[in-house]
Amino acid sequence: MQEPSVTDQDLAFLRRSIELAQDARAHGAHPFGALIVNEHGEVIVTARNNAVRPSGDPTQHAERLACSKAGKLFSEETLAKCTLYTSTEPCAMCAGAIYWTGIGRVVYALSEKGLFEFTGNDAENPTLDLPCRQVFARGQRPVDVAGPLIEEEAGRVHEGFWKKR
């Protein structure tokens with residue numbers, strides 16, 4: 001599969017997802033953020049991670065939360081034309097949520113392997129090394145994926161976070 005083209009608008013929305021990740025970190029959550037943009041370039045949903053135990057549900061990853069909100073508000077036809085932007089590559093759970101919600105495109109910044117460079121063997125973020133492209137490839141409908149992109153920028157929000165916990 002050929003890598004979809006990436007625009008300046010894509011990079012701007014990726015940077016907004018990184019800002020959401022920074023906001024999550026500032027509020028004591030893991031530094032992950034996501035947003036969904038419709039075909040007209042309008043942000044329709046934003047989400048930040050809330051998966052920190054004991055108060056947070058460990059399935060409350062930013063991408064899954066964004067999909068849950070969007071799935072309740074918009075039709076499958078609308079979501080098929082949307083792009084989900086995320087600060088970090090969607091995990092297998094989030095890739096499943098993206099697929100089942102019907103979102104047509106994903107653009108991510110930091111790869112799962114890049115994230116592991118920051119987290120290492122952290123109990124709060126056990127790595128599931130399964131690239132989102134592999135999850136989507138098993139489905140019956142295509143999901144276009146672009147990433148990793150601007151990994152250095154995306155990694156900054158993780159600097160010093162995992163080792164202090």
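Visitor: Which residue in β2 is the bridge partner of Ile-36?
Guide: Val-45 is the bridge partner of Ile-36. Keep in mind that this is a predicted model.

Visitor: In which sense do β1 and β2 pair, and over how many bridges?
Guide: The pairing of β1 with β2 is antiparallel and runs over five bridges. Elsewhere along these two strands, Val-37 stands opposite Val-43 of β2.

Visitor: What about the hairpin, how many residues sit between the strands?
Guide: Five residues lie between β1 and β2 in that hairpin, and Gly-41 has a positive phi there, near 80°.

Visitor: What is the strand order in the sheet?
Guide: The order is β2-β1-β3-β4-β5, in an open sheet of five strands with mixed pairing. From one strand to the next, the twist averages 15°.

Visitor: Which strands stand at the edges?
Guide: β2 and β5 (144–146) do. Each has a single partner strand, so one side of each has no neighbour in the sheet.

Visitor: Which strands does α2 lie across?
Guide: Helix α2, residues 62–73, lies across β1, β2 and β3. Its angle to β2 is about 140°.

Visitor: Switching to α1. How far does it reach?
Guide: Helix α1 covers residues 8–26, which is 19 residues, and reaches 27 Å from first C-alpha to last. That is close to the 27 Å expected at 1.5 Å a residue.

Visitor: Which of its residues are buried?
Guide: The buried ones in α1 are Asp-10, Phe-13, Leu-14, Ser-17, Ile-18, Leu-20, Ala-21 and Ala-24. They span an arc of only 155° around the axis, so they are on the same side of α1. Asp-8, Glu-19 and Ala-26 are exposed on the other side.

Visitor: What caps the N-terminal end of α1?
Guide: Thr-7 does, with a side-chain oxygen 3.3 Å from the backbone nitrogen of Gln-9. Just after α1, Gly-28 has a positive phi of about 85°.

Visitor: New topic: where is Arg-141 found?
Guide: Arg-141 is in the loop between α6 (132–137) and β5. Its relative accessibility is 24%, so Arg-141 counts as partly exposed.

Visitor: Which residues is Arg-141 in contact with, leaving aside neighbours within four places in sequence?
Guide: Ile-98, Tyr-99, Gly-102, Ile-103, Gly-104 and Phe-136. With Tyr-99, the backbone oxygen is 2.6 Å from a polar atom of the Arg-141 side chain. That side chain also reaches the backbone oxygen of Ile-103, at 3.3 Å.

Visitor: How far apart are Arg-141 and Asp-57 in space?
Guide: They are 29 Å apart, C-alpha to C-alpha, and 84 residues apart in sequence.

Visitor: Last one, the loop between β5 and α7. Which residues are found there?
Guide: Among them are Pro-148 and Ile-150. The peptide bond from Gly-147 to Pro-148 is cis, with omega near 0°. Ile-150 has a positive phi, near 40°, although the residue is not glycine. For background, most residues other than glycine have a negative phi, and most peptide bonds are trans.

Definitions and conventions:
Residues are numbered from 1 along each chain as its sequence is written. This is a predicted model: local features need pLDDT of at least 70, side-chain atom pairs count only at pLDDT 80 or more; totals for chains, interfaces and linings use all residues. Side-chain values use heavy atoms; hydrogens and water are left out. Helices (H or I, at least four residues) and strands (E, at least two) are DSSP runs, numbered from the N terminus. The expected span of a helix is 1.5 Å times one less than its number of residues. Buried means under 20% relative accessible area, exposed over 50%, partly exposed in between (1.4 Å probe, protein chains only). The arc is that of the directions from the helix axis to the C-beta atoms. A polar contact is a pair of N or O atoms within 3.5 Å; within protein, one must be able to donate a hydrogen and the other to accept it, and residues adjacent in sequence count only if both atoms are side-chain atoms. Two strands pair if DSSP finds at least two bridges between them. Axes are lines fitted to C-alpha atoms, for helices over the stretch in contact, and angles run from 0 to 180 degrees between N-to-C directions. Contact means heavy atoms within 4.5 Å.
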